[in-house]
Amino acid sequence: SNRPCLSDSASFQTKYIVWGQSGSFTAGAGGPNANQTNGGIIAAFAEVNRHGGISGYRLRLISLDDYFLAATAGSNTRALINAGVYGLIGFGGTDPVMAGMSVAIANRMPYVGPHTGTSALRNNSKYVINVRASSADEITALVNFATVQGMTKFSVLYQNDTFGAQGVAALQAALAAANLKVLSSAAFPTLNTGLVNVALTQLLNSALPFVPEA
């Protein structure tokens, strides 16, 4: 990887505003999101730097791999803070994001743009800066749109972890507001997209004799 190393942070600080990131850069299904987020941040920083940076300081990003493991994300966050980064940006995956957030808040560290829709990030902490809607807001909007189209039979296929469970709860709440219920559900293991088709077959079979409309 050509990403700057953690040991580079001290030398950067005299001429850079250094930000830290932890992401699952090499962990299966989590890799594309982490790498795309990383690339977007680097591109945005490069644009600012082309125009002279911020008060003469250039922006720099140091990224560490957490392999989609919450404990590693927490350790990475502490290491980045100890290295003297200005703030944390672009963490991804519900469990790693939550681990990083707790360390960031405890250290009064800006925590910008975490890439997950979990409602737990909407905690009114002044250190957490969200740039996307919550999954609950997105699911509610989808249910509202679908019911306006006349759909009443809903099934849910979800990832079997904290993120998936929160999505199911949000769907159940949105449907309850419309006097509807989940018709059927099935789960697949975290980061194992190879079993999605198996779970989908289970989902459709358990809905019989009905066919889900959404």
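In helix α6, the residues G164, G167, V168, A170, L171, A174 and L175 are buried, where buried means under 20% relative accessible area, exposed means over 50%, and partly exposed lies in between, with a 1.4 Å probe and protein chains only. Viewed down the axis of α6, these buried residues fall within an arc of 165°, so they line one face of the helix; the arc is that of the directions from the helix axis to the C-beta atoms.

Before I continue, a word on the source. This is a predicted model, in which local features need pLDDT of at least 70 and side-chain atom pairs count only at pLDDT 80 or more, while totals for chains, interfaces and linings use all residues. Residues are numbered from 1 along each chain as its sequence is written, and side-chain values use heavy atoms, with hydrogens and water left out. Helices (H or I, at least four residues) and strands (E, at least two) are DSSP runs, numbered from the N terminus.

I return to α6. What covers its buried residues? The cover includes α5 (135–148), β6 (154–159) and β7 (182–188), with contact meaning heavy atoms within 4.5 Å. The helix comprises residues 162–177, and at 1.5 Å a residue its 16 residues should span 22 Å; the end C-alpha atoms are 23 Å apart, which agrees. The expected span is 1.5 Å times one less than the number of residues. At the N-terminal end, D161 caps α6, with a side-chain oxygen 3.2 Å from the backbone nitrogen of F163. Such a polar contact is a pair of N or O atoms within 3.5 Å; within protein, one must be able to donate a hydrogen and the other to accept it, and residues adjacent in sequence count only if both atoms are side-chain atoms. After α6 comes N179, whose phi is positive, near 60°.

Next, the sheet. It is an open sheet of 5 strands in the order β2-β1-β3-β4-β5, with parallel pairing. Which strands form the edges? They are β2 and β5 (128–129), each of which pairs on one side only. Two strands pair if DSSP finds at least two bridges between them. Strand β1 (residues 16–23) runs parallel to β2 and is joined to β2 by 8 bridges; I17 has L59 as its bridge partner in β2. Between β1 and strand β3 (residues 87–89) there are 2 bridges, again in the parallel sense, and there W19 is partnered with G87. Although β2 is an edge strand, β2 (residues 58–65) is mostly covered, with 6 of its 8 residues buried.

Is T77 buried or exposed? T77 is buried, at a relative accessible area of 0%. Leaving aside residues up to four places away in sequence, T77 touches L88, F91, G100, V103 and A104.

Finally, I turn to the charged pairs. How many salt bridges are there? The count is 2, a salt bridge being a side-chain nitrogen of Lys or Arg within 4 Å of a carboxyl oxygen of Asp or Glu. In one of them, E47 meets R50 at 2.4 Å, N to O. Both residues lie in helix α2 (residues 30–50), 3 residues apart, about one turn of the helix. E47 is partly exposed at 37% relative accessible area, whereas R50 is exposed at 60%. E138 also forms a salt bridge, with R132, the closest N and O atoms being 2.8 Å apart. Here E138 is partly exposed at 36%, and R132 is partly exposed at 27%.
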